[in-house]
Amino acid sequence: MDRYNERLIVVRPNPIVWLALLGCVILTLIGAVLVILSPPLGVLIFAGGIALIVITKDGLHQEIEFIITNGDIEIARIINKKKRKVVGVVEASDIAKMDWAKSDKVQNDLDISKLKTRSFVGIEPGDNVVAIYAGEGDKQELIIMDLDEKCVDHMKSILKVKSEIK
């Protein structure tokens, strides 16, 4: 029987979304000024700016979803509760070690920054932020994840000797 856990956290939106929204607002303001100078062109630019604001604002609500099945982790970004994009998959067989993210070993690895690091932590990190070392050699990466207690217990039971979490 498969073991399955799921965790959903709210994260800060990508800074590019904020820049795009700012650009849309500026375009809308330019359109408002152009309505006075050249009404047909101004109305088109103003309406286009409003439409782009409506489309872009959807990107401000983002969540990260962790799906853990028998130790395999699928990480997905969910935008506005509609779009789902898988941003990472880690198989249990590729995991070299799991530890608390606040441990001295992990903090030392983060300071040295010789590993590719990906962080999936919510706006308000929980108590169970873990670090997973995946891959081998030059392709090894450090993945920081904000899991809940059930997910941590699931990973500890699957990884056993690879887990430094007690």
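Guide: One definition is needed at the outset: two strands pair if DSSP finds at least two bridges between them. Please note also that this is a predicted model.

Visitor: Which residue in E2 is the bridge partner of Val 10?
Guide: The partner of Val 10 in E2 is Glu 63.

Visitor: How many bridges join E1 to strand E2?
Guide: Eight bridges join them, and the two strands run antiparallel. Strand E2 covers residues 62–69.

Visitor: What holds paired strands together in general?
Guide: Strands of a sheet pair through backbone hydrogen bonds, in either a parallel or an antiparallel manner.

Visitor: What is the order of the strands in the sheet?
Guide: The sheet is open and has four strands in the order E1-E2-E3-E4, with antiparallel pairing. Its edge strands are E1 (4–11) and E4 (83–90), each of which pairs on one side only. From one strand to the next, the twist averages 20°.

Visitor: Which helix packs on the sheet?
Guide: Helix H4, residues 149–159, packs there and touches E1, E2 and strand E3 (72–79). The direction of H4 makes about 135° with that of E1.

Visitor: Now the surface. Which residues make the nonpolar patch?
Guide: Val 35, Val 43, Phe 46, Ile 50 and Val 54 make a nonpolar surface patch of about 380 Å².

Visitor: Which helix gives the most to that patch?
Guide: Helix H2, residues 39–57, gives the most, with four residues. Val 43 is found in this helix.

Visitor: Why does Val 43 count as partly exposed?
Guide: Val 43 is partly exposed because its relative accessible area is 46%, and that class lies between under 20% for buried and over 50% for exposed.

Key:
Residues are numbered from 1 along each chain as its sequence is written. This is a predicted model: local features need pLDDT of at least 70, side-chain atom pairs count only at pLDDT 80 or more; totals for chains, interfaces and linings use all residues. Side-chain values use heavy atoms; hydrogens and water are left out. Axes are lines fitted to C-alpha atoms, for helices over the stretch in contact, and angles run from 0 to 180 degrees between N-to-C directions. Contact means heavy atoms within 4.5 Å. Patches are made of residues with over 30% relative accessible area and no salt bridge: like charges are joined within 9 Å, nonpolar side chains (Val, Leu, Ile, Met, Phe, Trp, Tyr) within 5 Å. Accessible areas come from the Shrake-Rupley method with a 1.4 Å probe; for residues, only the protein chains shown count as cover. A salt bridge is a side-chain nitrogen of Lys or Arg within 4 Å of a carboxyl oxygen of Asp or Glu. Buried means under 20% relative accessible area, exposed over 50%, partly exposed in between (1.4 Å probe, protein chains only).
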